[in-house]
Amino acid sequence: MKNFKKVALAATITTMLGGFASTANAVNWLMLQGTEKDGAAPRAKVWGFLQPTYQKDTSDSTAAEPTRIGPNLEKQSQFQLQRARIGVRGIAMPLDSTINYFVLAEFGQNAITDGGIYGEKQAVKLTDASVTLNHIPGARIRMGLFKTPGPEEVFQGIFTFDYINFTDVSNQMMLERFTAGVNQTCGTVAAGNTDTPGCASGNGPIFANEASWDSFGAARDIGIQVFDSFKSGGWDHSYAVMIGNGNGLDTGGHADGEDTYLYWSSEMLIAGGKGPWAHGLKMFAWSHNGKRKVDLTDDDTVNAEVYDRNRAGVGARYRGGNWRIAGEYMTGEGMIFQGPEKPNMGIGALPQTQDLDGESDGYYLDVGYYIPNTKWELDARYDVYNRSTTHDLLTAEFNTITVGVQYHLNRKAKLTLNYATRDAKALDPISTASTPLTNMTTALHNGLKGIEDRISVQATIVF
Amino acid sequence: MKSNLIKAFALLALLASPFIGSQAIAAGKSLADAKIVLQISDPNPFKQTLVLNVANNLIKHYGQDSVDIEIVAFGPGLRLLFAENVNKGRIASLASSGVTFSACANTTRNMGKILGHPPALNSKAVTVGAGIVRIIDLVKKGYTLVKP
């Protein structure tokens, strides 16, 4: 919340100081995803995108637990249909632009449709289904299942994403996994060892009422959001306040009460670009706050305990001329997911669990350059994720440098090549009589040691 | 006699000059190199963009003072002239360049029955009795009908 207030203040001050007349458009994901064009929206626009992908993980294949490509976690290299989404959006009645709708379903193979060894497999999964009412000036209302307002990397229309994989901080800290009790063995922890909360009984913590991993966050929630956008003096300001179940794509009883989501962005508009690629300098801040019910005992009785799950972040993105420069900083308190790297693309049988009251933070810096008069765009990103910084035995650090190139076949199709140099390590705790290493800790160390570079190729076609 | 005739013509010309001048101004559009009526009656939102693009391109080609453009909207195409239409900025810009926007009264009335109230129209729009009749009248006056 502190960061949120700081950025909001900075945005307000900057707005007061600057500003110029402009007819440019903002890259406003609240509006682009939640509303339709007044008087110019179709009754039903069918749209979607496909992302066939090939990935090869060069991690040590001879290690006991090599990293594998998800969601099935069976091979270190494979072709996959990372995303295949088809949807319909528009207005219920062409004469009345005040009521909009948005529906999107996932037909591809990723954690949304395939829990791998941890969860269930579904051929199709609804990812968005919402109605927006635009009757109250300054307070549009969106209801249903949709993306929660949050970090730009996750909040943006994913087909405009300049990379193939998310940063570790977004992937591990923001995309919530409702871990189940299966395949989770934390090992024995000596009495009094509080560094591995939730593992004291021999099994990892599971979400209350969770028989198997039956939901995935996907940066979405079912709830209601009040939001709007205001243009003033060459700036576009927007806000969103949302309340949701805190249960990702599905309804369920994993959350205690409702999650609240706050979002603010201010964008200085710059002439040039269109739609998601409009030029501008955007600053934003957001926070997510909720509570989760967790069962800490390995028996048939639900002994739910409640833990906070709080997230917050600030960031900025500039797009102008041929350049794109972006950066975000995010923090997390509670329910820190413990997957070795890409949890559903992680290390075979390593348990998936949660650091219940741990803390994490991370950031990324991103630069893109569109080579003039060509179809080539060059990308480079550096991201850091400091996981479970308050529990020594779980503390891990992930550093990744991703270089990429995009070849834009046309405005609706592109090829992307990424090479990620990954360095992951854990603190090296010393086993003593009073604080012996747990199986979990040993597995974490062994797993992280094996992580090496990854190469990915992807085609994106939007229709 | 000859000098009297010359004086009479000169006097007549002097008296008529203000009238001739105002007539020329009033008939400025009718003296345009091109007169075009653009029809929009399609529900497809892309057609809204297209018809505005065509009007803009005509002005660029002929020059603002040498082309007379009227956009007639009726049927589902009347949405272009709704007050909150996303293209209202472009409509204002084209109107300031001399483009006339005509809204069909019949369509407005029928849409009002569906909505329960008349749709609010763009302030730049001029209501005409029937869009199709307006087009026929303009064609009779020498306008070229284009339906992008």
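The dialogue below works through how to read several features of this predicted model.

User: Before we start, how are residues, chains and ligands labelled, and which pLDDT limits apply?

Analyst: Residues are numbered from 1 along each chain as its sequence is written, while chains are lettered from A and ligands numbered from 1 in the order in which they are written. The model is predicted, so local features need pLDDT of at least 70 and side-chain atom pairs count only at pLDDT 80 or more, whereas totals for chains, interfaces and linings use all residues.

User: How many helices and strands does chain A have, and how many does chain B have?

Analyst: Helices (H or I, at least four residues) and strands (E, at least two) are DSSP runs, numbered from the N terminus. Chain A has five helices and 19 strands, and chain B has five helices and five strands, which follow the pattern α-β-α-β-α-β-α-β-α-β along the sequence of chain B.

User: What share of each chain counts as buried?

Analyst: A residue is buried if 20 or more other C-beta atoms lie within 10 Å of its own, exposed if 12 or fewer, and partly exposed in between, with C-beta atoms placed from the backbone. By that count, 48% of the 463 residues of chain A are buried, and 30% of the 148 residues of chain B are buried.

User: Which residues have the most contacts inside the largest nonpolar core?

Analyst: A nonpolar core is a set of buried Ala, Val, Leu, Ile, Met, Phe, Trp, Tyr and Cys residues joined through C-beta atoms within 7 Å. The largest has 38 residues, and those with the most contacts inside it are A:Met174 and A:Ala218. A second, separate core of 29 residues includes B:Ile36, B:Leu80, B:Ile91 and B:Ala125.

User: Why do the buried residues of H5(B) lie on the same side of the helix?

Analyst: The buried residues of helix H5 (residues 131-140) of chain B are B:Gly131, B:Arg134, B:Ile135 and B:Leu138. They lie on the same side of H5(B) because they cover an arc of only 100° around the axis, taken from the directions from the helix axis to the C-beta atoms. Among the elements that these buried residues pack against are strand E1 (34-40) and strand E2 (67-73) of chain B. Just after H5(B), B:Gly142 takes a positive phi of about 105°.

User: How many residues of chain B are in contact with chain A, and which elements give two or more of them?

Analyst: Two residues are in contact if their C-beta atoms, placed from the backbone, lie within 7 Å. In this model, 15 residues of chain B are in contact with 11 residues of chain A. The elements that give two or more residues to that side of chain B are helix H2 (45-62) and helix H4 (105-115) of chain B, and H4(B) gives the most, with three residues.
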